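Here is a short note for someone opening this model for the first time.

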Amino acid sequence: MKGVILAGGTGSRLHPLTQITNKHLLPIHDRPMVSFAIEALVRAGVTELMLVTGGTHAGEFLRLLGNGHGFGIDLLSYAYQERPGGIAEALGLAERFVGGDQVCVMLADNVFEQTIKAAADNFAGQDHGARVVLAREPDLEHLRHLGVPEIDGDGRITRIVEKPISPPSEFAVTGVYFYDASVFDVIQTLEPSGRGELEITDVNNHYVGEGSLEYDVVDGFWGDAGESIDVYYTVNDFVRANGANKS
């Protein structure tokens with residue numbers, strides 16, 4: 001299984017902290033944010049990675065990570081996204097890197113208290129399709145700003161809704177996605193959303209339509225440190241007190 005870490009975007013929700021750097025290079029406790037995504041994948045057994053970034057600070061990732069060996073990475077490649085075109089478009093840049101393998105995609109601003117190894121192992125044993133990682137989110141108002149799955153009585157995801165006014169469940173879709181190699185064909189069929197981007201939710205709903213989207217529910221804390229300045233500091237405080245990516 002290959003890993004793709006997405007570290008692009010403008011970071012506008014963390015302005016002015018991001019005025020002079022990429023948001024994924026901001027510190028979480030004692031190290032840059034992106035290092036937690038790398039650690040999560042490496043501890044899950046995914047050690048061949050591509051980092052996708054963009055903007056004027058892309059070179060800083062090379063300076064920080066180098067060949068990746070100091071972070072437990074066996075093979076580290078880089079790709080440059082010329083404009084903010086959405087998560088699905090950024091993933092499409094990794095097609096040749098992934099080849100015909102399975103792929104785990106992780107947004108570099110997502111931080112987990114516990115390891116995601118169980119989800120990676122579950123997907124490795126999945127014949128085809130996709131898998132998402134969910135987190136329980138009891139705060140209804142917070143759910144209205146996230147991607148939320150609708151789950152039927154058999155425990156199957158029937159659709160994923162972005163920023164729903166009436167959330168159909170108490171779960172949020174986190175920024176970890178697993179796909180088979182057909183994901184790159186799916187990306188080619190997407191139309192830009194109203195904000196001009198190729199949306200990862202459309203990719204996930206394609207697999208829902210095929211009946212091949214599975215999921216795991218993560219234990220412990222999950223935070224999207226790029227969601228807002230308040231959430232950034234919430235994640236920072238949690239990691240400082242409790243750590244992250246624990247087995």
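1. The largest pocket holds about 1,000 Å³ of space. A pocket is an open set of points on a 1 Å grid over the protein atoms alone, with protein on both sides within 12 Å along at least five of seven lines, and lining residues have an atom within 4 Å of a point. Its lining has 43 residues, and Arg13, Lys23, Ile87, Leu107 and Arg195 are the closest to the centre.

2. This is a predicted model: local features need pLDDT of at least 70 and side-chain atom pairs count only at pLDDT 80 or more, while totals for chains, interfaces and linings use all residues. Residues are numbered from 1 along each chain as its sequence is written, and side-chain values use heavy atoms, leaving out hydrogens and water.

3. Strand 11 gives the largest share of the lining of the largest pocket, 4 residues. By class, this lining has 18 polar, 15 nonpolar and 10 charged residues.

4. The second largest pocket holds about 210 Å³ of space. Of its 16 lining residues, Gly9, Thr10, Gly54, Gly55 and Thr56 are the closest to the centre. This lining divides into 12 polar, 3 charged and 1 nonpolar; Gly counts as polar.

5. The buried ones are Val34, Ser35, Phe36, Ala37, Ile38, Glu39, Ala40 and Leu41. After helix 1 comes Gly45, with a positive phi near 90 degrees.

Terms used
Buried < 20%, exposed > 50% of the residue type's maximum accessible area, 1.4 Å probe, protein only. Helix = DSSP H or I, 4+ residues; strand = E, 2+ residues; numbered from the N terminus. 1 Å grid on protein atoms, 1.4 Å probe; cavity = no way out; pocket = protein on both sides within 12 Å on 5 of 7 lines; lining within 4 Å. Points joined across faces, edges and corners; volume = space filled by probe spheres on them.
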